[in-house]
Structures are given as structure tokens and as C-alpha cells.
Amino acid sequence: MKDAQRGLSIGGIQGHNRRAILAALQDMGACSRKELSVATGLDQATVTRAIAPLLGDGVVEEVGLVRGERGRRSINLSFSGSGRYILCLRLQRRSFSIGVFSLRGDILESTEFPIAREFAAKMTFSEISATLDGHIAKLKRVDGIGVAVPGPFLERDERVILMTESPQWQRFDLVPELRSRYPDVPVHSTHDAKAAALTEWRHHARAYGSRVMLYLSAGQGIGSALVVDGHVHRGAQGLAGELGHTSISVDGDLCKCGNRGCLELFTSRISLLRAIRERASGFGGTRLTPCCDFSQVLDAYEDGDGLAVEEVHRVARYLAQGITNCINFANPDLVVIGDEYAGFGPRFLDQIKAHVKSAVLPSIYGAVEIELSQQCEDTVLRGTYLDVLAQTYLGTPREEPARIVAQAAG
């Protein structure tokens, strides 16, 4: 049968083989050509031919000899640990972080920078650009820049439509501005909770055997993501997972999204600190003050401070209600709570689990595991790296943003 009749050109077949090999290499880590052959179903000669240009381009490298069957030694392969890099930017309401990753996934540098309340988006963008410029000048080759932002974020349009407490970003096109500033480097964007969910899936949920994982990002804001059989569910416009803007009180305060009683109004770090600061002066026996910060609240909660315990457990009850709603709607078998609130530890988790247990049917509660994230690194930065790597090398590019399609058509 001719290649044209198969629907793949020779170049297409080779590209498909390379993507399959790279996907297996990321999945397995350092491994031999024979192991790649077994994992992909390709014969070893095909693997060797497909690997050659990847070695020449510095995408893959040989990482030493290992002893195989019958004492034979083979050379292991892995994604390159130097020469090619991915830069990742995480934007939050009060800070931004930038991480430098090798293609292999080693994080070479990660720094967080505060954002002053009075800073306009353009001023912060100047700081972001200066930091990225410094990294790009030092690195041999940057294969992509990944950008993770809080939601609601329309991935289809690459537009932040709401960032509570930081409205300046709703009027500033961060991703297109980065793309304009770095025209020679591909720029990819994603929602921060979806990025973190990728990390949790790869490093925990997959080994657990989860089919449907709900990741809840609880910190400066409240975000979430569903991962179904290894794929992040994005929705029609990339907006899926906005648990923070689902209502838990239809008669509650008006949220800036237009809804009433949104979960984020009750549970974000900003609202928790506001509640504690307002009560600190009149609450007997607390060491917290009207000027306390989040790290002081974490320490006070761990030490059993009455005000900290009361307010943190109030947040746990509200979060449990949001998780309950999602369990009843999406039926996850694993719920992972990450970001800053994971620092509250087992007692906080026990509060959430107790409230969820009382709110769902026993057979449903028995089939879902609720955990705190055990990741020690920034899961958003790590997930942003995974997202860029997948779109660049593993053959899983997402649909082009609407504005890029429109520009191409014009």
C-alpha cells in the first residue's frame, strides 16, 4: 500500500515515531533504545533512526552505560539536561514567579517577586520582562515560555476575565504582550490550577490509579481542575474548573464575577486574612495582630491559637461544601488540595473530610480519597513546564488561540 493511501507521508511517519519515542522517554525517564522499542512497539532500528536527529539537535542526550540482559551493556537516553531550556512564569495577585527548567525537567532556578499593591500591570510587566531578558541572555537556547495565570482565564482567547483584588490584569493582555516582546520564542498559556493539576497527576494520581482527579488550588485565590484519564478537562473556552466562582450561598455577598456567595469570597487567603485582622484586636488570648501575614497565621494555627483555629476551620467548612458539590457533579475518585492551604496540614484536612463525609452518601464518600498535596516544589511552575514540553515535543498542541487564528486569516 502506498504511503499516501495510508494517510501519512514518510515525513509524517517519522514525526509520529519521534513523538511516540519522546512521550515514552518522558514517561519512563532515562532508558535504553531497547526499552523504548518495547514501550512504543517500534523495532530497534526504527528507534535508532528516529533518535539520531534528536541527539544531533540536543533534544535528547546519552546518559551513560547500564548493564542489561546477559551482562550486555547499553547506553541510556534521556531528555537533555543542558543546552535547551523552558522558562515558566506564574502570575499571582500579590507576586510573580519565574522558573528555569531543562528539557529533562530539572529546575535550575526559581524566584518569586512581590507585586506592590500600587503597581500598574505595565509596571509589573516591565519587571517580568527584565527578569526574562536576563535569563534568555544567559541560556543557550529557550524552546518555549510558559505562562500560568489565575482565573477565570479564557484559554481560547488567552484573556484574564477576572482576577479578584487585581483588576488591572483584566485590562492588560499579558500573553500577547509577551508574544510580541519575544517573537522568536513560542509562548504558551494556561490556567494555574490546570498546570498544578498536571503536576499532581504525573507525580501522584497516575500511580494511585485515579481515573478522575479533582485538584483544588487554595491560596491567594481558589481554583480547580479536573484531570480525566490523564487529560485536563478544559471546556469549550478553556474555562472549565472555576470552582472558586460557584456559589455556596445564593443570598451571599455579590462577587465581582456577578454571582453571589462565591466560594472564593469565603475561603481565599485574602478573605481569611481579612477576617482574622478584623477580629484580632478584640479576640482575647490570640497572638495574631491586625497586621499579621499568612505565615504568622500558619504558625499560630499549628500552635493551636484560638483565633487562627476558629477562622481556618471556618474556611475548611466552606471548602468542604465546594468539594461536596464537585463530588456530586463530577464524581472524582481522588481530590487533592494544594497550594498555600496544604501548609495547614492533617488537622485542616480532617476538618474538610469530616464535613464532606456528613454531606454525601456513604457509598460515594467511601469511593473518593481526599488528600493534601505532598509536592514540595511549586506545582504550578512544574505543571507549566509539563504543558510547554507536551505542546512542543510530545504532539499534544492545543487549539490555536482565537486571536492568533484571526491574525493569520487577516
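1. Before the first helix pair, a word on terms: a helix axis here is a line fitted to C-alpha atoms over the stretch in contact, and the angle is taken between N-to-C directions, from 0 to 180 degrees. Bear in mind throughout that this is a predicted model. With that settled, look at helix α10 (residues 294-302) and helix α11 (residues 306-330): their axes come within 8 Å and cross at roughly 105°. Angles of 65 to 115 degrees count as roughly perpendicular, and α10 and α11 are therefore roughly perpendicular to each other. On the α10 side the contact uses V297, A300 and Y301, and α11 brings A308, V309, V312 and H313. By type, that contact splits into six nonpolar residues, one polar and no charged.

2. Now try helix α7 (residues 192-208) against helix α14 (residues 379-393). Here the axes cross at roughly 85° and come within 7 Å, so α7 and α14 are also described as roughly perpendicular to each other. From α7 the contact takes in D192, A195, A196, L198, T199, E200, R202 and H203, while α14 supplies T379, V380, R382, G383, T384, L386 and D387. The make-up of the α7 and α14 contact is five nonpolar, five polar and five charged residues.

3. On to the sheet. Five strands form an open sheet in the order β6-β5-β4-β7-β10, and the pairing is mixed. The edges belong to β6 (107-114) and β10 (187-191); each has a single partner strand, so one side of each is left without a neighbour in the sheet. From one strand to the next, the twist averages 15°.

4. Aromatic pairs next; the count is 10. One of them is F101 with Y385: the ring centres are 5.0 Å apart and the planes sit at 10°, so this pair is stacked. F101 belongs to strand β5 and Y385 to helix α14, so the pair ties together parts that are 284 residues apart in sequence. Are these two residues buried or exposed? Both F101 and Y385 are buried.

5. Y301 counts as buried at 2% relative accessibility, and F344 counts as buried at 5%. Y301 is also in the contact of α10 with α11. Both rings belong to one aromatic cluster, made up of F294, Y301, Y341, F344 and F348.

6. Finally, some backbone angles to look at. Most residues other than glycine have a negative phi. N331, in the loop between α11 and β14 (334-338), has a phi near 55°, a positive value in a residue other than glycine. With 56% relative accessibility, N331 counts as exposed. D339 is not a glycine either, yet its phi is positive at about 70°. D339 lies in the loop between β14 and α12 (345-359) and is partly exposed, with a relative accessible area of 25%.

How values were computed
Residues numbered from 1 in each chain as written. Predicted model: local features only at pLDDT ≥ 70, side-chain atom pairs only at ≥ 80, totals over all residues. Heavy atoms only, no water. Helix = DSSP H or I, 4+ residues; strand = E, 2+ residues; numbered from the N terminus. Parallel < 35°, antiparallel > 145°, perpendicular 65-115°, else oblique. Contact = heavy atoms within 4.5 Å. Nonpolar A, V, L, I, M, F, W, Y, C, P; charged D, E, K, R; others polar. Pairing = 2+ DSSP bridges. Buried < 20%, exposed > 50% of the residue type's maximum accessible area, 1.4 Å probe, protein only. Phe/Tyr/Trp six-rings, centres within 6.5 Å; stacked < 30°, edge-to-face > 60°.
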